[in-house]
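Q: I am new to this structure and would like to learn how to read its features one at a time. Could we begin with the whole and then go to the details?

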Amino acid sequence: RLDSLGALHRAVLRAYRLARALPEAPLEVFRARTADLPRTTEAERLVVKRVGQDVFREALLDYWNHRCPLTGIEDTALLRASHIVPWARCESDAMRLDAHNGLLLAAHWDAAFDAGLVSFADDGRALASPKLSAAALKALHLAAAPALAGLTDAHRANLAWHRRYRFLAGVAGASR
């Protein structure tokens with residue numbers, strides 16, 4: 001019976017975290033936290049951006065259950081809230097804050113993803129750029145990396161953008 005209660009508790013906690021990460025929830029938190037902030041100067045816009053990035057990180061922590069889906073790392077100091085479509089390229093605050101436009105990655109995976117050296121297929125499998133060094137490929141354990149679980153159609157659409165404009169652009173030598 002204790003096992004059943006533990007499983008129920010974990011399921012309820014997971015449902016709560018996912019609900020907090022739904023696209024509307026982070027946007028509402030962002031709007032509430034920035035409602036009284038002016039947005040007229042560059043310094044003020046930077047404060048708004050910082051608040052948004054914190055809200056985005058919180059949403060990703062909830063969505064990905066406080067762990068990197070590739071490494072299992074749970075130490076939040078080693079996890080990065082990685083935008084699939086970068087903040088500057090997002091069309092709206094809603095897109096910037098959408099958990100479906102992000103991955104919670106260990107720092108080394110985030111660096112490789114942001115540089116376009118790795119991406120992910122629609123089924124969540126990790127993809128390596130030919131520009132990724134053998135040492136980096138080995139350090140990432142890319143061949144043994146599990147597929148990302150829990151991807152939605154929104155994730156897949158954003159990952160298609162990443163593959164086209166970050167990953168394949170980097171392979172072809174185009175600027176990012």
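Predicted model: local features only at pLDDT ≥ 70, side-chain atom pairs only at ≥ 80, totals over all residues.

Q: What share of the residues is buried?

A: A residue is called buried under 20% relative accessible area, exposed over 50%, and partly exposed in between, with a 1.4 Å probe and protein chains only. In this protein, buried residues make up 38% of the 176 residues.

Q: Where do strand 1 and strand 2 join, and how do they run?

A: Two strands pair if DSSP finds at least two bridges between them. Strand 1 (residues 79–83) is joined to strand 2 by five bridges, and the two run antiparallel, with S82 standing opposite L103 in strand 2. Strand 2 is mostly covered, five of its five residues being buried: G102, L104 and A106 point one way, whereas L103 and L105 point the other way.

Q: Which residues of the largest nonpolar core touch the most other members?

A: A nonpolar core is a set of buried Ala, Val, Leu, Ile, Met, Phe, Trp, Tyr and Cys residues joined through side-chain atoms within 4.5 Å. The largest one has 32 residues, and L70, L103, W109, F113, V118 and F120 touch the most other members. Helix 3 (42–63), strand 2 (102–106), helix 5 (107–114) and strand 3 (118–120) each supply at least two residues of this core, and the largest share, six residues, comes from helix 3.

Q: What is F120 in contact with beyond its neighbours within four places in sequence?

A: Contact means heavy atoms within 4.5 Å. With those neighbours left aside, the contacts of F120 are L70, L103, W109, F113, R125, A126, L127, L148, L159 and R163. For the protein as a whole, among contacts between residues at least 6 apart in sequence, 64% join residues at least 24 apart.

Q: How many aromatic pairs does the structure hold?

A: A pair of aromatic rings is described by the distance of the centres and the angle of the planes. Rings of Phe, Tyr and Trp (its six-membered ring) pair if their centres lie within 6.5 Å, and planes under 30 degrees apart count as stacked, over 60 as edge-to-face and the rest as tilted. The structure holds four such pairs; one of them is edge-to-face and joins Y63 and W64, at 5.1 Å centre to centre with 70° between the planes. Y63 counts as buried at 10% relative accessibility, and W64 is buried with a relative accessible area of 6%. W109, F113 and F120 form one aromatic cluster.

Q: Which residue forms a salt bridge with R166?

A: Side chains of opposite charge can pair when their charged atoms come close. The rule for a salt bridge is a side-chain nitrogen of Lys or Arg within 4 Å of a carboxyl oxygen of Asp or Glu, and by this rule the count comes to six. R166 forms one with D114, the closest N and O atoms being 3.2 Å apart. R166 lies in helix 7 (residues 153–172) and D114 in helix 5, so the pair ties together parts that are 52 residues apart in sequence. R166 is buried, at 14% relative accessible area, whereas D114 is partly exposed, at 44%.

Q: Where do D93 and R96 lie?

A: Both lie in helix 4 (residues 93–97), three residues apart, about one turn of the helix, and they form a salt bridge whose closest N and O atoms are 3.0 Å apart.

Technical notes. Residues numbered from 1 in each chain as written. Heavy atoms only, no water. Helix = DSSP H or I, 4+ residues; strand = E, 2+ residues; numbered from the N terminus.
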